[in-house]
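Hi,

Here is the structure I promised to pass on.

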Amino acid sequence: MNTFQGISASGGIAKGKAFVLSVQERKKTEKIPITADKIPEDWERFENSRKKTSEYFKSLIDQTNSRQAAIFQTYVLMLSDPDFIAQIKAEHAKQLVHIEWIVENKAKEYADMLRSSGDSYLIERAEDISDVYGKVIENLAGKMPLRANEVPPNAILSAEFLNPSDAVLLSKQDLAAIVLHKGAPNSHLAILARTYGIPLVFGIEDIEKRIHTGDEVIVDGTSGLVFVKPDAAVLKEYDEKIAEEAQERTRLAALSDKAARTKDGISVNLYANIGSAEEARLALEEGADGIGLFRTEFLFMQSGLISEERQFEEYRSVLEIMKDKPVVIRTLDAGGDKIVDIPGFSFEEEKNPLLGCRAIRLCLKMPDIFKTQLRALFRASVYGSLKIMLPLITDIEQVREAKALIEEVKAELKAEHIPFKEDVPVGIMIETPAAAIMADELAKEAAFFSIGSNDLTQYGLCVDRENAQTAGLFNELHPAIRRLIVQTAKAAQKEGIPLSVCGEMAADTIRMTVLMSAGVDSFSVAPKKIAPLKEHLLRLTAEQIEAFKEWTESAMDAHSLEEKLNAFLSGTHLNGAQ
Ligand code: PEP
Ligand code: MG
């Protein structure tokens, strides 16, 4: 048996067989000149890669549902399009440059041409071209496309790291747990794992030497321990823990239709954070009062910009699934660590991406992309109770500009006789110190606030939320973050606008109680966190919340405060447990 201590990023315990995924960093395609005599050899590499890619998609046709199978069938046809291949061949012979670069540029040229047609069918084909030929380039670089369908059910997925786009794909698989070398608890992969309740541990060095496909592995996502080929004693201990967790799940499942209320009757709203329409069903099953955050960028991370039509379908689905419950859909929050393939824009050139052209900044810079999303959102608005949320606001002018574009979109839809709701509330995320400090002014422009504690902490404490080295400095209980939150809550209250918290802070019992003590009564969390929060609330009293308030107000050190609150809560919960 080998035991490794990693960093916990998503709780829960799992036992299963390891499946090791070999991943490499994706490199930018370089323009490498070659001599004419090397052209046939280079062309043969392309042909081999094209064949391999085609076989890959053919293999997926039988394994997926009919809608996806039809997409993969189109992909196979695209890979044998004689005109396009002839164009690549001619360009290769003319330019005398490595085939990777030719393929990348021809595919981009073709996709851009389709996108500029304005025809929604052709725009979707543009996405397909980028996806298909992107896989050909990965194959040329020796990187096999991720075969998510080959990951056996209930596998413990082990890899050096996961690309965010692969993570989106994998989140749909039936994984028992994920163990990685690189990553951080506040990364988007971690958020996804928590959404699906998949245990996740980071920080296992030399992972490919330590875990092999087929090894029996136990992952304790709560303590961060990973056991490879566990011995009889560990197996026994963990079989018991797994059985206890199963019991706990049954107990928590019974809470799904109970109201979120403290022991003495204080009601709160518990909403869900999702990244796709599919996850809205999960949110409903878990008893969410609505959707507090739909991270739409997850729709774009897999296949680049998707058409208005595809977006409309996705937003409509969420609204229909949630019926009359509120659904907050956040406009595209691309950039930073969430890379979306956008024609005419390169994130890679940014020196400081987290401070760069991301989220609302990107949308205002590229209004066509923003307006396409807004059109899809307003078209979907008639199917439920939609609210639109703008991310990463730092400046009141951004809100005004975004609202002006919204008015343009509404006027366009009106002229086209397309139905939409006039009064969709437009709110903003408070996730930058600038926004929290200016909350009193912003509250006059925004219909609601939602505190993004992940970014607010990252920017407020100057600590990269993705960096494992500085993970110890990332703490939402820091007094500076508390002051920003209290200030925001007061501004929302003064202006009479709703306030919620949708960052990870809301999902932790201690932090959620601290938020309640600051006057927050709406929280949006991963669907799987709703029941544990309800259970926590059922033991909580106004008196305890008041005690939290006193302690947090005077605390200057986040770590000792956390210890103190933890001890207090476990003590009173034990005494007062029902
Ligand atoms: C946040 O920053 O807290 C937030 C909810 O947004 P995201 O995690 O998607 O950046
Ligand atoms: Mg954020």
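Strand β12 (residues 385-390) runs parallel to β13 (426-430), and the two pair over 3 bridges. Pairing here needs at least two DSSP bridges between two strands, while strands are DSSP runs of E with at least two residues and helices are H or I runs with at least four, numbered from the N terminus. Across that pairing, L390 sits opposite I428 of β13. To get from β12 to β13 the chain goes through helix α15 (residues 396-415), a right-handed β-α-β crossover (with the strands pointing away from the viewer, the path from the first strand over the helix to the second runs clockwise).

β13 also pairs in the parallel sense with β14 (residues 449-451), again through 3 bridges, and there M429 has S450 as its bridge partner. V426, I428 and I430 point one way from β13, G427 and M429 the other, and all are buried (under 20% relative accessible area, 1.4 Å probe, protein chains only).

Then the metal: the magnesium ion (ligand 2) is coordinated by E431 (OE) and D455 (OD) at 2.0 to 2.1 Å. Donors are N, O and S atoms within 2.8 Å of the metal (3.2 Å for Na, K and Ca), and water is not among the atoms, so the site may look incomplete. E431 lies in the loop between β13 and α16 (433-437), D455 in helix α18 (residues 453-461), 24 residues apart. Both E431 and D455 are buried.

Housekeeping: this is a predicted model, with local features needing pLDDT of at least 70 and side-chain atom pairs pLDDT 80 or more, whereas totals for chains, interfaces and linings use all residues. Residues count from 1 along each chain as written, chains are lettered from A and ligands numbered from 1 in written order, and side-chain values use heavy atoms, without hydrogens or water.

Cheers

Notes:
Buried < 20%, exposed > 50% of the residue type's maximum accessible area, 1.4 Å probe, protein only.
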